[in-house]
There are 2 protein chains.
Amino acid sequence: MSKRHWESDPAPLLAVSTGFDLSKVDPSSTPAFSGDKHDGQSVLADASDELSELQERLYAESRSGGVRRVLLVLQAMDTAGKGGVIRHVVGAIDPQGSKVYGFKKPTPEELEHDFLWRIRRQLPGAGVIGVFDRSHYEDVLIARVRSLAPAEVIEARYGQIIAFESELAASGTTIIKVMLHISPGEQRARLAERLERADKHWKYNPGDLDERALWPEYQKAYQVALERTSTDDAPWYVVPADHKWYARVAVQRLLLDALRRLDPQWPAATFDIEEEKKRLAES
Amino acid sequence: MSKRHWESDPAPLLAVSTGFDLSKVDPSSTPAFSGDKHDGQSVLADASDELSELQERLYAESRSGGVRRVLLVLQAMDTAGKGGVIRHVVGAIDPQGSKVYGFKKPTPEELEHDFLWRIRRQLPGAGVIGVFDRSHYEDVLIARVRSLAPAEVIEARYGQIIAFESELAASGTTIIKVMLHISPGEQRARLAERLERADKHWKYNPGDLDERALWPEYQKAYQVALERTSTDDAPWYVVPADHKWYARVAVQRLLLDALRRLDPQWPAATFDIEEEKKRLAES
């Protein structure tokens, strides 16, 4: 039994609520978890089947008209481990039941539209777990730090995001927003590894250091976004991510808890089972 | 070492070539594989890491301008195990590197367009392994069996498909087309299981028996499609699928072989590594 490694439900410890201060979160901490890396990996492996079955139930429910779905939004500084979370947590789910989308720098076509236009096009269907690798929050993060839009336009976006997410929640989407939080020192180590290893060079971009130079500005932009857009409909969780294993197991736990609360059930047959057995026997 | 279970490369035994006769393929056979279910499962697990790494290399290549990608087309009678192949073979790949799409009965909007219109919209991007759960072949299978279009329209589609796939191949897509081949008896057993188990009812549709009643017509339509559209650019493989474990390990092997032939390499750095190390140290 690996559950004992969770001393308590981590969600309340990770959730952004009134008075939240990002600068007080220790990126190397492992809230509510009592074990080490090895324990984290066991918990991750052990809970994968449950995660996978809950998703399948949610999908089955959607085949009978259910509209519920889950959206996991991942935001972070470079190298914080979004990709690893997707690979190791979401990777346990049937690929037919998840939809991962990475938002890059907006294309000219995307820029012709409202910032939520491209987001809406990638929302998960009923029964599916959608994962956003970056999201509409880029439009209040890098956009704010680099003044990619007039200040009043960016200012208006927080309210637009809250309204948008509230609409999604009302139509059956459980939204989980996660900021993976690393320290500048850990980022340096991870960038150094990308420079050392030939199989990691492709992940390195000299522009990463330009963003890194704006660390305090990004932290400020995150603080504003987190405190202004963490709502009951779409709460933010700040997950310490200097330990990759912790970030993974914590995000898995947030997903699991959401699915357990949804508690999807296998749909009842909409046909006469005995009649169909007879038809099958005669076929 | 699990490789010894493959006595030889299964591809030539599974490929559709001149003189192919679907009725001569034994759905319960396990071509080129010497082991049993347990061995098949070991091979599947052991080869997953290689499959996953090859896909990551292909993706890395695409980040440096590579255009190569893979498209796996899955076709089969109901219950043949497409879903299981996706879950157990494709599920080993990073979800960021695969794109699974299930084609359903065409929507009114899709019907307003050429039959390849909706297919083109779901093609994988560079570096990605696309998987079609059903495909444009439905338009020469169910469409033929149920006369969903005039005979001459369907007749013209074979050539249109060949031209389309040849275009994809020319622009960097490695296409692997697989028919999972089950027997009517095995289908009966699998449908019976769906009727027995409450957690499987949602997968059962009374219409499945109407399709089942047309078994010989479907086999004929498959025979025509297989012999007319198996090309060097986009070969068909008929994979015996009465043993689920064999179907999975065989499709994994076809994917692995395709990726090994592509032999994607980690891209060289496009920046000055020493210079970046210096910048990083100073950051």
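## Close-up views of a predicted two-chain model

**Figure 1. The annotated stretch of chain A.** Here we look at residues 36-262 of chain A, which UniProt lists, in an unreviewed entry, as "domain: Polyphosphate kinase-2-related". In the model, this stretch is 52% helix and 14% strand. Its end C-alpha atoms lie 30 Å apart.

**Figure 2. Inside the largest nonpolar core.** This one takes in 78 residues. Which residues have the most contacts inside it? They are Ile176(A), Val178(A), Leu180(A), Leu226(A), Val239(A) and Tyr246(A). Helix H11 of chain A, residues 244-262, supplies the largest share of the core, at 12 residues. A second, separate core has 77 residues, among them Leu71(B), Val131(B), Ala149(B) and Ile154(B).

**Figure 3. Zooming in on Val178(A).** What does Val178(A) touch, leaving aside residues up to four places away in sequence? Its contacts include Leu72(A), Val73(A), Leu74(A) and Gln75(A). Trp236(A), Tyr237(A) and Val239(A) are also on the list, along with Val251(A) and Leu254(A). Val239(A) also turns up, like Val178(A) itself, among the residues with the most contacts inside the largest core.

**Figure 4. Asp9(A) reaches helix H11.** Asp9(A) pairs with Arg253(A) in a salt bridge, with the closest N and O atoms 4.0 Å apart. The partners come from distant parts of the chain, 244 residues apart: Asp9(A) sits in the segment before helix H1 (11-14) of chain A, while Arg253(A) belongs to helix H11 of chain A. Over all chains, the structure holds 48 salt bridges.

Figure 5. Arg190(B) and Glu186(B) join their side chains in a salt bridge, 2.7 Å from N to O. Both sit in helix H8 (residues 184-196) of chain B, and because they are four residues apart there, about one helical turn separates them. Arg190(B) counts as buried, at 6% relative accessibility. Glu186(B) comes in at 23% and counts as partly exposed.

**Figure 6. Arg197(A) and Glu193(A).** These two form a salt bridge too, with their closest N and O atoms 2.9 Å apart. Arg197(A) is partly exposed, at 35% relative accessibility. Glu193(A) is also partly exposed, with a relative accessible area of 31%.

**Figure 7. Glu109(B) on helix H4.** Glu109(B) is part of helix H4 of chain B, which covers residues 108-111. Its relative accessible area is 47%, so Glu109(B) counts as partly exposed. How many Å separate the C-alpha atoms of Glu109(B) and Val89(B), 20 residues apart along the chain? The separation is 32 Å.

How values were computed:
Residues are numbered from 1 along each chain as its sequence is written. Chains are lettered from A and ligands numbered from 1 in the order in which they are written. This is a predicted model: local features need pLDDT of at least 70, side-chain atom pairs count only at pLDDT 80 or more; totals for chains, interfaces and linings use all residues. Side-chain values use heavy atoms; hydrogens and water are left out. A nonpolar core is a set of buried Ala, Val, Leu, Ile, Met, Phe, Trp, Tyr and Cys residues joined through side-chain atoms within 4.5 Å. Buried means under 20% relative accessible area, exposed over 50%, partly exposed in between (1.4 Å probe, protein chains only). Helices (H or I, at least four residues) and strands (E, at least two) are DSSP runs, numbered from the N terminus. Contact means heavy atoms within 4.5 Å. UniProt positions are given in the numbering used here, feature names are shortened, and annotations may be inferred rather than shown by experiment.
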